[in-house]
Amino acid sequence: MNDLKSLIIPDKVPRHIAIIMDGNGRWAKQKGMPRVLGHRSGVKSVREVTEAAGEIGVEYLTLYAFSTENWSRPPAEVTALMSLLVETIRGEIRDLNKNGVRLQAIGNLEALPKSSYKALLEGIEQTKNNKRLTLVLALNYSAKWEILRATRLLAEQAASGTLRPEDIDERAFENALSTRGIPDPELLIRTSGETRISNFLLWQIAYAELYFTPVFWPDFGKEQLFEAVLSYQRRERRFGKISEQLV
Ligand code: IPE
Ligand code: IPE
Ligand code: MG
């Protein structure tokens, strides 16, 4: 694994990696275990990947932990996921601080169950001075919701006369998103073999490199993250230009 890490070019490490952590349920099913144990094992991967991201100098790591659509799952699974969230945040604060990780969150957070919301705010508050890596949890998140909310906010400002419609540019729009101040992810990873975006960061991934792996989230660790970063570093990001124009 150290070999893989040594192949990573430090100057070309993505500043921001976003991950759709998928496959916990299938991982558990394959082992004849209840789905919830898959989610529990997934926490191990979160820990390992956060550590690995910090080691190679990633500045922002955004993890899709619960989508707005996930409320449609069986109530027992939703409840288990919400308790796991509280338990994990509370249990990890000490290590987050030790490793210089600042916790943040995006999504419709106020609509989370009270205890989850409270644990989340505590985690954010208690890690706010850390500087090494920002870990952004996407919770009760939906990209369409986020884009609509931004649109509404800008419309309200325009209607009240504090914003001229002609001043709505990319920057103004980005400042109205919940990812305000966070650079767009250069690399988006999805585990478990699914090749869809599932309403994640639609605006922000406009030019991200996409990396899909069949590995289920509980089996995704340091080595798999390094492989994804190496794949990213082998790609040519042209941004509409042709190869010869790139320096
Ligand atoms: C991802 O794993 C975790 C969440 C969506 C909360 P899944 O629970 O979606 O696992 P699969 O896709 O059913 O295997
Ligand atoms: C996407 O995974 C959401 C999270 C990883 C939190 P899902 O498993 O919910 O996505 P779909 O339903 O397969 O698109
Ligand atoms: Mg899934």
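First, the ground rules. Residues count from 1 along each chain as its sequence is written, and chains are lettered from A and ligands numbered from 1 in the order in which they are written. In this predicted model local features need pLDDT of at least 70, side-chain atom pairs need pLDDT 80 or more, and totals for chains, interfaces and linings use all residues, while side-chain values use heavy atoms, without hydrogens or water.

Let's start with helix H6. Helices are DSSP runs of H or I with at least four residues, strands are E runs of at least two, and both are numbered from the N terminus. H6 has 17 residues, 143–159. At 1.5 Å a residue it should span 24 Å, and its end C-alpha atoms are 24 Å apart, so the two agree. The expected span is 1.5 Å times one less than the number of residues.

Which residues of H6 are buried? They are Ala143, Glu146, Ala150 and Leu154. Down the axis of H6, the buried residues fall within an arc of 65°, so they line one face. That arc is taken from the directions from the helix axis to the C-beta atoms. Buried means under 20% relative accessible area, exposed over 50%, and partly exposed in between, with a 1.4 Å probe and protein chains only. On the other side of H6, Lys144, Leu148, Glu156 and Ala159 are exposed. The cover over the buried residues includes strand E4 (133–141) and helix H7 (170–175); contact here means heavy atoms within 4.5 Å. After H6 comes glycine 161, with a positive phi near 85°.

Now the rings. The structure holds seven aromatic pairs. Rings of Phe, Tyr and Trp (its six-membered ring) pair if their centres lie within 6.5 Å; planes under 30 degrees apart are stacked, over 60 edge-to-face, the rest tilted.

Take tyrosine 64 and tyrosine 141. Their ring centres are 6.0 Å apart and their planes at 85°, so this pair is edge-to-face. Tyrosine 64 sits in strand E2 (residues 60–67) and tyrosine 141 in strand E4, so the pair ties together parts 77 residues apart in sequence. Tyrosine 64 is buried at 6% relative accessible area. Tyrosine 141 is buried too, at 0%.

Next, tyrosine 207 and phenylalanine 239. This pair is tilted: 4.8 Å centre to centre, 50° between planes. Tyrosine 207 is partly exposed at 48% relative accessibility, and phenylalanine 239 is partly exposed at 46%.

Last point: ring pairs link Tyr64, Tyr141 and Phe200 into a cluster.
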